[in-house]
There are 4 protein chains.
Amino acid sequence: MKTQNKKKIVNDPVYGFINIPHSIVFDLIEHSYFQRLRRIRQLGMTELVYPGAVHSRFQHALGAMHLMTLAIEVLKQKGNAITDEEAEAACIAILLHDIGHGPFSHALESNIVSGVSHEQLSLLLMQQINSEFNNKLQLAIELFRGKYHKKFLHQLISSQLDMDRLDYLRRDSFFTGVSEGVVSSDRIIKMLEVHNDELVVEAKGIYSIEKFLIARRLMYWQVYLHKTVLSAELMLIQVLQRARTLIAEGLIVNCSDALYYFLSNSIAVKGNDMLLNFTRLDDTDIIHSLKLWSQHSDIVLSYLAGAIINRRLLKVQLQKESFDTEQLERLRKIASEKMNISASEAQQLVFTDVVSNNAYSYADDQIHILIHGKTIDIAQASDMLNHQVLSKTVTKNILCYPKEISGFV
Amino acid sequence: MKTQNKKKIVNDPVYGFINIPHSIVFDLIEHSYFQRLRRIRQLGMTELVYPGAVHSRFQHALGAMHLMTLAIEVLKQKGNAITDEEAEAACIAILLHDIGHGPFSHALESNIVSGVSHEQLSLLLMQQINSEFNNKLQLAIELFRGKYHKKFLHQLISSQLDMDRLDYLRRDSFFTGVSEGVVSSDRIIKMLEVHNDELVVEAKGIYSIEKFLIARRLMYWQVYLHKTVLSAELMLIQVLQRARTLIAEGLIVNCSDALYYFLSNSIAVKGNDMLLNFTRLDDTDIIHSLKLWSQHSDIVLSYLAGAIINRRLLKVQLQKESFDTEQLERLRKIASEKMNISASEAQQLVFTDVVSNNAYSYADDQIHILIHGKTIDIAQASDMLNHQVLSKTVTKNILCYPKEISGFV
Amino acid sequence: MKTQNKKKIVNDPVYGFINIPHSIVFDLIEHSYFQRLRRIRQLGMTELVYPGAVHSRFQHALGAMHLMTLAIEVLKQKGNAITDEEAEAACIAILLHDIGHGPFSHALESNIVSGVSHEQLSLLLMQQINSEFNNKLQLAIELFRGKYHKKFLHQLISSQLDMDRLDYLRRDSFFTGVSEGVVSSDRIIKMLEVHNDELVVEAKGIYSIEKFLIARRLMYWQVYLHKTVLSAELMLIQVLQRARTLIAEGLIVNCSDALYYFLSNSIAVKGNDMLLNFTRLDDTDIIHSLKLWSQHSDIVLSYLAGAIINRRLLKVQLQKESFDTEQLERLRKIASEKMNISASEAQQLVFTDVVSNNAYSYADDQIHILIHGKTIDIAQASDMLNHQVLSKTVTKNILCYPKEISGFV
Amino acid sequence: MKTQNKKKIVNDPVYGFINIPHSIVFDLIEHSYFQRLRRIRQLGMTELVYPGAVHSRFQHALGAMHLMTLAIEVLKQKGNAITDEEAEAACIAILLHDIGHGPFSHALESNIVSGVSHEQLSLLLMQQINSEFNNKLQLAIELFRGKYHKKFLHQLISSQLDMDRLDYLRRDSFFTGVSEGVVSSDRIIKMLEVHNDELVVEAKGIYSIEKFLIARRLMYWQVYLHKTVLSAELMLIQVLQRARTLIAEGLIVNCSDALYYFLSNSIAVKGNDMLLNFTRLDDTDIIHSLKLWSQHSDIVLSYLAGAIINRRLLKVQLQKESFDTEQLERLRKIASEKMNISASEAQQLVFTDVVSNNAYSYADDQIHILIHGKTIDIAQASDMLNHQVLSKTVTKNILCYPKEISGFV
């Protein structure tokens with residue numbers, strides 16, 4: 001009997017071709033948990049501003065895995081010992097690093113499964129898959145958790161210069177059409193090296209790293225924290241919150257069983273039941289619910305749901321200072337009158353929030369540059385960039401309100 | 001009061017920037033019917049083979065509108081009279097040319113609203129929008145229908161070299177990553193001219209047209225008629241057919257109201273009711289149903305639905321000759337035994353069909369080349385291409401069957 | 001003592017990075033014969049029409065070598081045995097395949113060293129380098145000459161799908177900006193295979209090959225045989241011929257010693273003396289001479305030389321039929337009167353010639369497609385292309401004449 | 001009689017197509033002074049490190065002119081008054097801004113025509129062309145000189161964000177293959193605006209400007225000041241200096257008449273004679289001389305000339321501190337012994353120099369950002385970049401020496 005050829009080539013608009021390097025990688029891609037990522041967009045609501053940004057987490061995971069194979073090849077060519085087993089494990093770990101993402105997780109990460117991060121969910125799902133695969137993912141899980149003795153392998157999966165970031169920055173800029181965000185992943189990977197078991201960048205790569213950091217900054221302000229995207233994401237949080245409230249009040253709120261499971265369980269839920277429901281969720285559960293809810297009798301639910309679906313988003317103001325409470329109350333009162341809703345309903349259509357680039361913090365670890373056999377931090381190696389700025393958490397206050405009252409703001 | 005600036009610029013991964021040329025175009029984009037196109041993918045199931053191909057009809061419509069503005073500019077520069085009103089109407093017509101597409105319309109065009117083409121639906125919806133817009137779409141509708149006296153304007157909207165085709169070939173090759181399918185829309189547009197009120201191509205563009213035809217052919221065989229894509233599309237048709245049957249039999253089959261409307265009405269339905277339900281349909285209705293159905297007690301429904309969702313597609317054989325009836329019966333019998341299903345159920349898992357590139361027929365009209373003041377058909381102008389082949393309908397027979405019985409085929 | 005690192009990476013605008021795969025390749029690149037290729041443009045006079053087309057044969061040779069490393073990798077991955085020694089030899093052979101090109105060899109191949117092709121000169125120079133390199137090029141020379149038993153290795157160097165062609169088509173289209181000529185070298189290389197010791201293309205590559213053939217055709221007619229380029233090339237031939245005549249008549253014609261050697265030796269010269277002088281020639285010898293000659297007292301020499309330098313090229317007419325002798329005589333007479341030159345001088349400013357795409361013949365060998373274990377020719381495998389047209393020699397008659405008499409043609 | 005169509009389209013690898021917008025621009029391109037730019041490479045010796053970087057100043061001038069037409073279109077669309085005459089003049093001025101460049105002017109600017117900058121030469125040549133064109137270049141010359149009352153038009157020609165810079169950064173990165181240097185000229189141009197008669201950038205363009213500055217910095221250190229390029233350029237200066245010395249000593253040094261004119265006139269020469277000779281110079285004069293000189297009996301002349309031609313460049317050390325005089329003397333002594341040359345000859349093979357990025361100073365004027373109706377400098381607008389670093393002159397000391405003594409350094 002002929003064995004199935006699993007060394008497939010996948011077409012990818014970003015890199016041209018992606019080779020599936022190991023047959024276990026092929027099998028993991030076929031797993032329904034991984035296939036689910038086809039139905040979860042990488043950038044959620046961003047598509048409402050950048051129509052091209054409809055790429056899925058499925059593509060991103062493949063892309064990051066592709067970069068991993070390139071990085072491992074470069075590091076091996078430079079004389080760093082990496083066994084075939086380690087290479088395979090690194091590919092698996094990066095392939096599955098985002099498997100715990102739920103729908104619209106930019107916005108909803110802490111709203112669907114409260115108190116559980118997507119990294120924790122990824123780990124739980126990897127462990128489950130591991131048992132299905134006779135523990136063949138053991139080393140991959142160790143790498144993912146940073147428990148393996150070769151630290152640089154973990155850094156390829158999770159660090160300032162990990163393959164996740166290199167892929168998503170490049171892919172997101174590609175699909176949004178914000179071509180200035182494009183990162184030369186090729187060039188950065190060619191300049192990776194290992195020094196004292198740490199992933200470092202060769203000295204001549206310093207300008208490329210400067211450019212990487214600037215491109216990333218550009219993507220944050222032009223894409224990830226674009227105010228219209230923020231508006232849509234905050235509305236999504238509000239609408240789910242409203243649904244949760246209505247359910248708690250005993251009202252009928254239609255949605256898929258899996259989503260209902262999470263909306264009707266307000267406390268953090270764990271265990272197999274939760275995980276099972278979680279793996280059934282994807283973007284269509286949300287969109288489908290929004291379409292249903294746009295016809296709901298609850299005015300807040302239907303307003304928000306319809307507004308997202310038809311892209312009649314709340315207006316946004318962004319400022320450094322927090323918004324004045326009195327002004328907020330005044331606006332709510334006007335909304336209440338103009339739109340014929342109660343005071344408490346107005347609170348869900350006129351609200352403030354605080355966003356920071358924390359979610360994408362670049363402060364946690366460092367990019368090390370290798371100069372004459374010593375490593376120094378990019379902040380020291382580069383005299384050009386203001387690294388205080390790069391690492392600083394920028395906090396902005398947001399005020400959202402319906403178009404209907406925009407004359408009063 | 002400040003007027004809203006409607007001359008927006010949209011980022012597009014294919015063309016970089018798209019300018020919204022007229023304020024009515026901006027208003028049409030904001031219409032919920034047009035926003036619906038965000039939720040309908042251009043290539044439906046193709047994403048199961050080409051993971052990048054998740055682009056929406058929304059993007060495509062914007063892209064085709066962009067090419068229209070370029071084409072009009074070129075034609076005007078060459079001295080052809082086009083009024084501002086005509087230019088605007090041409091932009092509107094191309095923007096809305098696909099507004100009548102439903103979910104997965106590659107596969108489902110005649111399956112959801114039976115007997116009504118997407119062009120007819122587009123026209124119905126345009127007329128409805130027209131009345132909302134105080135008849136400002138009148139000229140656009142005339143152009144769309146080919147009723148306007150300047151024939152070339154209609155040809156920019158619908159012909160062998162229309163802006164629809166130029167955009168979708170380029171966009172589809174871009175997002176699939178099949179870079180060889182890329183068509184130089186820039187170059188072809190630069191070579192457009194009007195002669196005797198017909199859209200023609202200047203003589204020096206002949207090689208570009210040859211390349212366009214070859215690229216198109218490549219896209220058909222490598223993408224549009226890729227056998228795995230065909231398998232998924234045929235499965236989708238089967239699963240909807242099965243749902244329809246079960247509903248007719250009085251069984252409970254959950255899905256959205258809008259979809260249920262079409263599944264429970266077997267005869268062609270028309271009128272406002274139909275149109276209203278149609279405008280509520282998008283890809284998520286289908287995907288959501290498939291997810292529900294994959295848990296259904298009907299074995300055929302759940303098998304097909306689950307198989308699409310988890311990409312465990314039916315195996316496919318393609319051949320020129322029709323498949324032997326006896327072989328088909330034999331395979332169905334094996335399936336029935338192996339999978340513990342009835343004979344009639346086996347018919348929906350083991351089946352044959354016929355596909356042809358008719359759907360994308362290139363025979364209907366011609367590409368005219370302008371040589372020394374006369375126009376001749378590309379088939380004559382080019383000694384290179386075999387135009388019998390280009391215009392011939394290629395018919396292929398398909399056999400689909402479950403993996404479970406692949407050892408017996 | 002530290003050994004020099006010869007595994008360099010070269011930046012290339014077409015492919016991004018080119019790795020130098022073997023240290024002998026590095027040493028060959030450093031050889032003055034190879035460095036000479038920096039001063040020989042790939043497309044000679046083409047730059048007068050396509051200003052970007054100033055790329056050198058140096059780049060092309062590196063690019064072809066790069067594709068060779070990719071092709072060998074692909075073939076090895078598919079299980080074809082290729083030793084390290086063979087791989088290195090194939091890289092050397094393709095690197096040096098054009099080393100025998102002289103300046104403007106598109107036009108001048110048979111005019112500088114009459115009766116000796118650039119392939120013969122390449123071989124002579126390879127042999128000379130071989131003796132300098134202690135016979136380390138022996139296998140490369142065997143491959144180059146087609147004397148090695150693994151025929152497919154020669155075909156990678158010289159055949160319808162050799163790495164030379166794949167690089168030059170892609171590179172020429174890149175630098176001319178004729179983006180439609182772009183060939184997907186990546187994709188074609190991925191589809192190469194060896195069957196019965198012959199280089200073949202996998203069946204699924206058939207559309208890519210069709211597109212390759214069409215793109216090549218487009219490049220021929222839009223670039224290589226562009227009539228303005230032809231005019232400049234024919235003028236170059238005429239001006240050298242004129243210089244040769246004047247030298248033969250004993251007049252003083254300044255130019256570099258190396259060029260003078262060839263202009264004053266009318267019969268085919270061979271041996272080391274010729275080779276030494278040949279290796280001193282490059283584009284600057286020609287350009288420098290043209291600049292000098294544009295001040296020469298001989299009216300034909302100065303007219304033609306100045307016209308090339310300042311891009312005041314002869315006008316061109318192209319037609320299938322040969323030009324009428326009487327018309328030619330008439331035009332010469334007018335030129336003689338208008339420009340105050342003798343009848344014989346007029347013959348060098350008003351002349352006809354015949355060009356054919358022979359120089360780039362695609363008839364000599366075949367592209368084989370591997371279908372179900374058998375190879376068939378692309379002409380049979382593809383029902384689409386008219387292969388008679390592809391393989392046919394197209395002959396065109398050219399009439400060149402000075403702008404000064406263009407009112408009389 | 002049919003008028004010649006001068007609204008040509010030129011293919012350009014960087015922008016695709018370049019339209020010739022005015023017929024006078026066409027005529028200027030045909031002028032022999034402008035055609036001369038075909039024979040002057042934009043980046044001189046850089047091609048020895050980046051083989052693709054053989055693009056000419058001709059292309060760059062066309063490219064900058066193309067960007068000018070785009071910028072003018074954008075500014076007009078935003079409501080800034082620009083007459084057709086001004087638009088034409090701006091195109092002419094940018095087209096001719098580099099017409100005063102001589103061969104290898106990166107290196108040789110002050111060495112061929114000492115004491116005269118290329119801007120002065122450009123002005124002299126423009127004035128000469130102006131009189132040939134019946135003063136039709138008058139306004140263009142005013143713009144070029146900054147004498148016109150609309151200051152922003154001059155800033156499009158010469159400022160921190162002029163079309164010259166936008167084109168050369170993009171073009172140089174394109175041809176070197178240093179893709180990270182790519183500047184989004186499209187995007188920056190879209191964000192240009194005029195405020196108080198000054199060219200400014202809209203607030204939302206701030207991240208693009210940051211990226212522009214970083215990309216520029218990257219190009220400086222990776223390309224323009226690459227140490228191997230510096231080595232070749234310094235050698236070129238030395239070899240011309242040596243030729244000048246030998247000529248002054250009465251020795252025979254062959255080269256073209258035009259070059260001899262400059263080498264034999266040590267003091268600054270002006271007037272028509274100089275200008276005439278200058279317009280005859282191009283890169284081939286230098287390369288041709290180097291080839292001749294590589295056979296010269298003077299050991300320094302032939303060593304340096306041959307070394308450039310065959311790319312056997314002097315070794316380079318770069319450091320912040322100036323080199324120790326004793327070390328220098330020691331090395332010269334060793335060179336003198338090892339290479340059998342005199343002490344004074346050794347001074348031209350072992351030498352130090354100082355380079356700074358002054359030549360490309362970014363300090364002279366500012367980039368203004370328009371925020372809420374006020375302009376502030378980018379240094380204030382961006383909290384990210386260290387503008388002291390950007391504007392600081394970086395000075396480096398260079399030591400060059402022959403490979404032959406590299407063991408002793």
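Of the residues of chain A, Leu385(A) comes closest to the rotation axis, with its C-alpha at 2.5 Å. That axis belongs to the pairing of chain A with chain D: a rotation of 180 degrees with 0.0 Å of shift along the axis superposes chain A on chain D, at an RMSD of 0.0 Å. The two copies are thus related as by a two-fold rotation axis. The superposition is by least squares on the C-alpha atoms of residues with pLDDT of at least 70 in both copies.

This is a predicted model: local features need pLDDT of at least 70, side-chain atom pairs count only at pLDDT 80 or more, and totals for chains, interfaces and linings use all residues. Residues are numbered from 1 along each chain as its sequence is written, chains are lettered from A and ligands numbered from 1 in the order in which they are written, and side-chain values use heavy atoms, with hydrogens and water left out.

**The interface of chain A and chain D**

- Chain A brings 24 residues to the contact, and chain D brings 24 residues. Contact means heavy atoms within 4.5 Å.
- The copies meet through the same surface, because 100% of the interface residues of chain A are also interface residues in chain D.
- About 2400 Å² is buried between chain A and chain D, and carbon and sulfur atoms give 54% of that area. Buried area is the accessible area (1.4 Å probe) that two parts lose on being put together, summed over both.

- Between chain A and chain D the count is 2 salt bridges. A salt bridge is a side-chain nitrogen of Lys or Arg within 4 Å of a carboxyl oxygen of Asp or Glu.
- Glu210(A) and Arg217(D) form a salt bridge through their side chains, at 2.7 Å from N to O.
- On the side of chain A that touches chain D, helix H11 (206-224) and helix H20 (387-391) of chain A each supply at least two residues. Helices (H or I, at least four residues) are DSSP runs, numbered from the N terminus.
- H11(A) gives the most to this side of chain A, with 9 residues.

**Thr279 in chain B**

- Thr279(B) sits in the loop between helix H14 (271-278) and helix H15 (283-293) of chain B.
- Thr279(B) counts as buried, at 12% relative accessibility. Buried means under 20% relative accessible area (1.4 Å probe, protein chains only).
- Not counting residues up to four places away in sequence, Thr279(B) touches Tyr33(B), Arg36(B) and Leu125(B).

Conventions. Buried means under 20% relative accessible area, exposed over 50%, partly exposed in between (1.4 Å probe, protein chains only).
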